[in-house]
Amino acid sequence: MRQRGWETWRQRPHLLAALVLLLFFRAASGQLRYSISEELKEGSFVGNIAKDLGIDLNLMKQRGFRIMSGSTEPLFKVNENDGVLYANHKIDREEVCKESSVCLINLKTVLENPLEVHYVTVEITDLNDHSPTFPEKTKRLEISESALPGARYQLQNAHDPDGGTNSVQQYKISQNEHFRLEIKDRGRDGKTPILQLQKQLDREAKSSHKLVLTAIDGGNPPKTGTVEIFIDVLDVNDNMPVFSKDTYSAVLQENAPVGTTVIQVNATDLDDGTNGEVVYSFGSDVKGKIRELFDIDSVTGEVIVKGHVDFEEQDSYDIDIQASDKGTIPFRTDKSVIIKIGDTNDNPPEIEVASLSSAVSEDSRPGTTVALISITDLDSGMNGKIISYVAEDSPFTLTPSIQDNMFAVVTKSQLDREQQSTYDITIIAKDAGEPALTSEKTISVFVSDTNDNSPKFSVSPYTFYIIENNLPGASVFSVRASDRDEGDNALISYHILRNASNGNKLASFLNINSETGDILALKSFDFEVLKTFQFQVVATDSGTPSLSSNVTVNVFILDQNDNAPVILYPVSSNGSAEGVEEIPRNVNAGHLVTKVRAYDADIGYNGWLLFSLQEVTDHSLFGLDRYTGQIRTLRSFTETDEAEHKLLILVKDNGNVSLSATATVIVKLVEPKEAFAASDVKSATKVDEEDNVTFYLMITLGSVSLLFIISIIVLIAMQCSKSTDYTSKYLQETNYDGTLCHSIQYRSGDKRYMLVGPRMSIGSTIVPGSHANTLVLPDRRRGSGEVSLFPWLNQT
């Protein structure tokens, strides 16, 4: 039946609509309105619905009075026992009504059997229990410093859950000079604060501003909420970089290592961000040379050494430094940096030869200028002060010139080319730096020759020995002279000094090569005619004027075995060497029969004669003394001995190629009476013959002695004039027995040259001071020109 009824109502919807409308109006007639304050505690009384609707309490319970609720927990409940409406829990108007200005809670109460609907409205009145709040505790705004006054910036509204007059009623801003606050009423949307720029901002003066915005509600007492507004002033590139100093200067020592920081410049820009970032660079007018030496760090502003800085090239640099910001349109500022270069002692003195004479004459006076020297030092101050001098001991010195840094090398003493022909002059220049630097320069000066030295013979006097019978036209000896000069001044020519003196007449038989000094003999000398002579040779140089010197040349003629012995006795009337001797038969052994006398014009071994028996009839009867030529009997004669004996005597000298002569002596044996008679006759004849022999012998001995005495006197005079230790003697043999021989001893150091004379054997020893005819030559004469031309002589 219920189904059928429901279908009937579905088929007749207009009837259903009418019924619902009827019920609605019936319920509406039972609407109630209560007003409570928010924040009531749970269970707080709201109103008595049963009483206000006039519903019996018993009927209310029977009909199931209730409040229709949604899915959420109901705010209110009705007590069925007493019909009282009470708060189900604490009610927060701001939570329940949110944004509504009037908070009304509409409740539907229902009574069943029959169905009755009653509407109950509960108004929840507001309490000022909330302070205004802003969405953020702090607010940050960015405003360009180029913003003009009048610019407006809307701020966020404060929110106050309270309604009505308890909501936000006004705003105020903290005191400042740049902004003021405007309030725009948006009706239901509340009041909106607007920040208006009153005075233009300057970020460089103040980069940020802090404001406090206060929202005030209309409660009593009013509650407030605040928000801090931070305004960041956005930068505009309106400031130029400014250097921290008006002037920049620094001192940099030269030769500073690459990378050395010279100075640091600093510029600041009051702008912010890239507008305030400063970069450094050299100005556009900075020359390339400076850019090679220095560099600048674009970020730090440090000027650093880039190349080799030399004080001597430039002592200071004025560099333009540019500071620029990074703004869209950058601002630039220029500043001059002065870098003074400090000098270090890094340059040694420089010595330069400005002028140099090719040669200086040795006769130049002291003070003669040889060279001009320029001495400079590129350093300055004490580093450039120079002390200069000539090293070592030399005949040169430095004198300052009229011009600065110019010096003259002059002679300080007399020069002598022969002592030193070239001088290497070392000039030393030393600066006064610390440590001091030194330079040296060596120049070579040649000393030119003047004819101030005469020729000088290597030996003075010269002593030469010439063997007789020399070849005419051949060179016999030579003299040599030297001249310490050079060139023509040392070119020597020789000539023999000729004059009318007796000693120099022999010089006409000599000739000399004017270039070499070789002396030629134009004739052959004969020792037996000439034994010694002297002459003078003059050596002349070719200088202007020429100088000359002379030397005495002593010449001794040496004997050669060119004379054969001459028999002086026996000599027959016809001139032949033949004689007869008569002796008594009764003479004893050792009786002197006769003596063979001979003479040799040569001397020494060449004139030393030896006698020997070449032929004899009986060798047992006669003996011959080989040195004296005496013939003596060896034994007494017998009756059987022959009455006549022939003796052939050979006389020879001791030359290398000996020469000889023979003499024949016939010895006759007579009775004693006849011998005496014959002896008387013979004595008379012999006296005459001996007188003639003696005469010739005296003449010969006198001539030879005179020549020897003259030679010895001349030699002694010469040697005494040269040296006191040179002596020469010719001593006459006192025991001369008729054999004309001479004996000469030549001595040099440990060597003695001996010519054997009379009564001397080859093995004999000749000692100084003996009676032999000797010529003593001291040792030094050997080294000063003595020429020995008789090596065949024995040495002892």
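The protein chain exposes about 42900 Å², of which carbon and sulfur atoms supply 51%; accessible areas come from the Shrake-Rupley method with a 1.4 Å probe, and for residues only the protein chains shown count as cover. This is a predicted model, in which local features need pLDDT of at least 70 and side-chain atom pairs count only at pLDDT 80 or more, while totals for chains, interfaces and linings use all residues. Residues are numbered from 1 along each chain as its sequence is written, and side-chain values use heavy atoms, with hydrogens and water left out.

Let's start with the overall picture. The protein chain has eight helices and 51 strands, taken as DSSP runs numbered from the N terminus (helices: H or I, at least four residues; strands: E, at least two). Of the 796 residues in the protein chain, 42% are buried, meaning under 20% relative accessible area with a 1.4 Å probe, protein chains only. Among contacts (heavy atoms within 4.5 Å) between residues at least 6 apart in sequence, 67% join residues at least 24 apart.

Four strands form an open sheet in the order β33-β40-β39-β36, with mixed pairing; two strands pair if DSSP finds at least two bridges between them. Its edge strands, β33 (462–467) and β36 (492–497), each pair on one side only. The twist averages 30° from one strand to the next, with axes as lines fitted to C-alpha atoms and angles running from 0 to 180 degrees between N-to-C directions. Five of the six residues of β33 are buried, so β33 is largely enclosed by the rest of the structure.

| Strand pair | Sense | Bridges | Residues standing opposite |
|---|---|---|---|
| β39 and β40 | antiparallel | nine | F533 and V555 |
| β33 and β40 | parallel | six | F464 and V555 |

A polar atom of the S549 side chain lies 2.4 Å from the backbone oxygen of P455. Setting aside neighbours within four places in sequence, S549 is in contact with P455, K456, F457, V537, V538 and A539.

The other sheet is open too, with three strands in the order β34-β38-β37 and antiparallel pairing. Its edge strands are β34 (475–478) and β37 (510–512), each pairing on one side only. Neighbouring strands of this sheet are turned by 30° against each other on average, direction ignored.

How values were computed: Buried < 20%, exposed > 50% of the residue type's maximum accessible area, 1.4 Å probe, protein only. Polar contact = N/O pair within 3.5 Å; in protein donor to acceptor, adjacent residues only side chain to side chain.
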